[in-house]
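Good morning, and thank you for the time.

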Amino acid sequence: MKFCTVKQYFDDENNNNVTNGIATTVIPLPNKHLKIKANNKEMEQYEQELLRNVMPQELTKLILAANYLNFKEALDFFCRTVANAIQNKSVDYVRKFFGLESDFEPGEEEKLCKEFAWSFEGVDED
Amino acid sequence: MSCLQLELITKILSPLPVKSLVRLLSVSKQWYSFIKDPDFVKLHLKHSIETNKDQAVIPKEHDFYPTDRYFSRSLSSTRIMEIAIWNPLIRKYKKLPSEPRDYSGSGRPNFAFGHDPHNDDYKVVTIVEFSKEDTPLLDFEVKVHSLRSRCWKKIKEELPMKECSI
């Protein structure tokens, strides 16, 4: 089941969903999972090592790749990593991370910031 | 959500603490609607219960009645009972409609707050013990407030036992 989509990926000649760089990061994961099945700590270390060289913004691409290739463990891991990465970050940082822009009317965003001022305390600097 | 589908955004946002989610309401109108969506709220609550996150320890003061994630406080004046429920995690409170007392004399109120899973509704129950005029007998007035219907309902049935505590 895990490898049906991978086979399809290799069969598709023009695959825009998963670039080569992403594939090399995502595809080894299931094998590694099988090898280190019961040992969570070892898996965590492997995952940290893997992401050391990945820029935070690349994570959204990894998520899309894992989703497309139907790798549940990889998808769970990448989503968890993104959640940890954005947890204490500013609104601007999160917008840049996901490539979003504010579409609030002038004044609406300020109103929200005022209403929930406490939630902006202690946020990491960008 | 740029190139990420709703399902993936849900996976990313579900484990975040309430404080982060409240801040992220300001990201965009889409994120505002998404985070405030009752289905997402339910999913987030389920996740935080399962992972023991977003719990608060709040000392009990003489007028506060802690129940799970919310508190109710009574501000009783002579004829009208005023109650508010407070969510300490989002720091918002909601004042319930005032209800005049249907009994004379002084009463001792007790409160309870809980979720009714059958109707997916939050309810506040007040049980006021009061002494009937000119008699040593005690009686109870029981009222239930539903957040969905936004009104109080008096429970006319007899309480099974006169001695009870919440």
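**The interface**

Between chain A and chain B there are three salt bridges, a salt bridge being a side-chain nitrogen of Lys or Arg within 4 Å of a carboxyl oxygen of Asp or Glu. Before I go further, please note that this is a predicted model, in which local features need pLDDT of at least 70 and side-chain atom pairs count only at pLDDT 80 or more, while totals for chains, interfaces and linings use all residues. Residues are numbered from 1 along each chain as its sequence is written, chains are lettered from A and ligands numbered from 1 in the order in which they are written, and side-chain values use heavy atoms, with hydrogens and water left out.

A salt bridge joins the side chains of A:Glu105 and B:Lys29, at 3.2 Å from N to O. Eleven residue pairs, both at pLDDT 80 or more, are in polar contact across the interface of chain A and chain B. Here a polar contact is a pair of N or O atoms within 3.5 Å; within protein, one must be able to donate a hydrogen and the other to accept it, and residues adjacent in sequence count only if both atoms are side-chain atoms.

Which elements of chain A supply at least two residues each to the side that touches chain B? They are helix 5 (58-68), helix 6, helix 7 (91-98) and helix 8 (108-115); helices (H or I, at least four residues) and strands (E, at least two) are DSSP runs, numbered from the N terminus. Helix 6 of chain A gives the most to this side, with six residues.

In total, 35 residues from chain A and 30 residues from chain B take part in the contact (heavy atoms within 4.5 Å). The size of an interface is often given as the accessible area lost when the parts come together. For chain A and chain B the buried area (accessible area, 1.4 Å probe, lost on being put together and summed over both) is about 2800 Å², and carbon and sulfur atoms give 68% of that.

**Within the chains**

Over all chains, the structure holds twelve salt bridges. In one of them, the side chains of A:Arg95 and A:Glu109 meet at 3.1 Å, N to O. This pair links distant parts of the chain, with A:Arg95 in helix 7 and A:Glu109 in helix 8 of chain A, 14 residues apart.

I turn now to pockets and cavities. On a 1 Å grid over the protein atoms alone, a cavity is a set of points where a 1.4 Å probe fits but cannot get out, and a pocket is an open set with protein on both sides within 12 Å along at least five of seven lines; lining residues have an atom within 4 Å of a point.

The second largest pocket holds about 350 Å³ of space, a volume being the space filled by probe spheres set on the points, which are joined across faces, edges and corners. Its lining has 17 residues, and those closest to the centre are A:Arg80, B:Lys11, B:Ser14, B:Pro15 and B:His47. Helix 6 (72-86) of chain A and helix 4 (38-50) of chain B each give two or more residues to this lining.

Methods
Buried area = accessible area lost by both parts, 1.4 Å probe.
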